[in-house]
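Biologist: I am new to this structure and would like to go through it step by step. Could you show it first?

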Amino acid sequence: MANTMQFDLVSPERSLASLAVTAVQIPGADGDMTAMPDHAPTITTLRPGLLKVEAPEGSSEYLVTGGFAQINGDSLSVLAEKAIPVTEVTRSHLDELITEARASHDAAKGGDDQTVVDEAAKLLADMEALGTHMSL
Amino acid sequence: MPSLKDLKNRIESVKSTRKITKAMQMVAAAKLRRAQESAEAGRPYAERFNAVMAGLAASVGGSDSAPKLLRGTGSDDVHLLVVMTAERGLCGGFNANIAKLARAKAEELRGKGKTVKVLTVGKKGRDALKRDLGDLFVGHVDLSDVKRIGYTNAQDIAKDILSRFDGGEFDVATIFYAKFVNVVTQIPTAQQVIPASFEDEAAGDDSGAIFDYEPSEEAILADLLPKGVATAIFSALLENGASEQGARMSAMDNATRNAGEMIDKLTIQFNRSRQAVITNELIEIISGAEAL
């Protein structure tokens with residue numbers, strides 16, 4: 001089928017998914033983006049968030065933190081330091097992320113750079129919203 | 001000439017040793033399979049990561065704005081040697097080989113007048129290097145409580161190394177580990193992680209494609225380089241895990257075979273001595289009867 005592309009999701013410890021997909025929503029560092037077949041080749045870093053995968057067989061979601069995505073037009077590789085299928089995410093995973101975000105927020109507040117503080121605050125808010133979204 | 005009882009005890013003792021080495025070999029074989037599986041599972045990540053990094057490094061590497069982790073600090077006076085070994089012994093030359101390589105490297109660097117610092121991961125390497133390089137130790141990572149090596153272990157080690165680097169403690173970091181080839185061959189390897197070097201994978205699978213970078217090439221590189229250190233350490237830990245079990249398996253296999261040979265030899269000796277005793281007794285009886 002022309003309107004799918006090869007998608008690979010790998011973490012350092014194992015390969016989580018490798019399948020043909022129609023679209024993938026990536027939590028990029030500069031904002032979410034959706035990669036579809038024939039997307040311009042792009043490399044983007046990830047911020048912690050949800051990766052939404054649309055495949056002909058059905059869609060799935062993963063919680064990813066750290067790493068990057070490489071979009072190649074006909075293939076897409078996401079390398080995440082940590083990737084967990086949303087169905088397996090527990091409150092403790094989220095708490096860990098929230099604690100991390102809060103720590104970086106607190107660290108940023110000590111500095112002068114307002115954009116860094118804003119970014120950290122947004123990350124913290126995002127993480128908390130994520131919990132509500134997943135009804136944990 | 002040992003008595004019959006001594007020989008018997010000896011045979012029993014070697015037999016129980018053989019049982020133990022046999023058991024250790026089987027345990028190592030089972031663990032090896034697991035270790036190999038996780039090493040293989042980790043490979044795609046490391047390969048892709050390095051391919052992308054190599055591409056990025058090639059395009060940004062030359063400029064002055066390149067991050068310190070890639071460019072280096074501008075000097076190479078202080079070297080950090082990260083020596084990764086096992087927590088346990090009884091695995092043939094595994095620990096000794098890594099320690100030997102690290103020791104040779106340290107001597108070479110010291111000969112050139114560089115300062116050497118040593119960070120050990122795993123108890124056995126620490127013990128092996130304590131005598132020669134003990135005064136150069138700057139830290140030790142204990143993994144004896146870790147059942148199964150995870151990425152977080154590598155992240156912790158990387159964090160430690162990176163904070164030392166940011167603190168200006170060293171200029172060049174090299175990790176020492178044993179690359180797993182097969183059960184009988186493990187190659188002690190030295191790999192430089194800071195400043196990062198990417199050689200083989202440079203071509204990558206993305207040849208020709210021109211990528212858009214988000215946010216920017218430099219920002220991505222700055223974000224990914226520290227992760228690259230963790231990735232390198234993680235794959236080294238996995239290789240080391242498989243190598244350790246492989247080395248232990250073949251060492252224990254040899255030990256089991258040696259014990260078997262020893263039992264055979266002792267059994268022959270035991271039988272001969274017993275026969276000699278019997279013959280002796282017979283001679284005594286016969287010559288006693290003849291004397292009458």
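The questions below go from the domains of each chain to the contact between the chains and the strand pairings.

Biologist: Into which domains is chain A divided, and how far apart do their C-alpha centres lie?

Modeller: This is a predicted model. Chain A has domain 1, covering 5-86, and domain 2, covering 90-133. The distance between the C-alpha centres of domain 1 of chain A and domain 2 of chain A is 22 Å.

Biologist: Which elements give two or more residues to the side of domain 1 of chain A that touches domain 2 of chain A?

Modeller: Seven residues of domain 1 of chain A meet six residues of domain 2 of chain A. On the domain 1 side, the residues are four nonpolar, two polar and one charged. The elements that give two or more residues to that side are β6 (49-55) and β7 (58-71) of chain A.

Biologist: What separation do the centres of domain 1 of chain B and domain 2 of chain B have?

Modeller: Domain 1 of chain B is made of two segments, 4-21 + 252-291. Domain 2 of chain B covers 33-248. Taken over C-alpha atoms, the centres of these two domains of chain B are separated by 53 Å.

Biologist: Which element gives the most to the side of chain B that touches chain A?

Modeller: The contact involves 22 residues from chain A and 24 residues from chain B. The chain B side divides into 14 nonpolar, four polar and six charged residues. Elements giving two or more residues to this side are α1 (4-60), β6 (212-214) and α6 (217-291) of chain B. With eight residues, the element that gives the most is α1(B).

Biologist: In β6(B), which residue is the bridge partner of T44(A)?

Modeller: Strand β5 (residues 42-45) of chain A is joined to β6(B) by three bridges. These two strands run parallel. Within β6(B), the partner of T44(A) is E214(B).

Biologist: Which residue of β3(B) is the bridge partner of T120(B)?

Modeller: Strand β2 (residues 115-121) of chain B pairs with strand β3 (residues 137-141) of chain B. The pairing is parallel and has four bridges. In β3(B), T120(B) has as its bridge partner H140(B).

Technical notes: Residues are numbered from 1 along each chain as its sequence is written. Chains are lettered from A and ligands numbered from 1 in the order in which they are written. This is a predicted model: local features need pLDDT of at least 70, side-chain atom pairs count only at pLDDT 80 or more; totals for chains, interfaces and linings use all residues. Domain bounds come from an automatic or database domain assignment. Two residues are in contact if their C-beta atoms, placed from the backbone, lie within 7 Å. Ala, Val, Leu, Ile, Met, Phe, Trp, Tyr, Cys and Pro count as nonpolar, Asp, Glu, Lys and Arg as charged, and the others, Gly among them, as polar. Two strands pair if DSSP finds at least two bridges between them.
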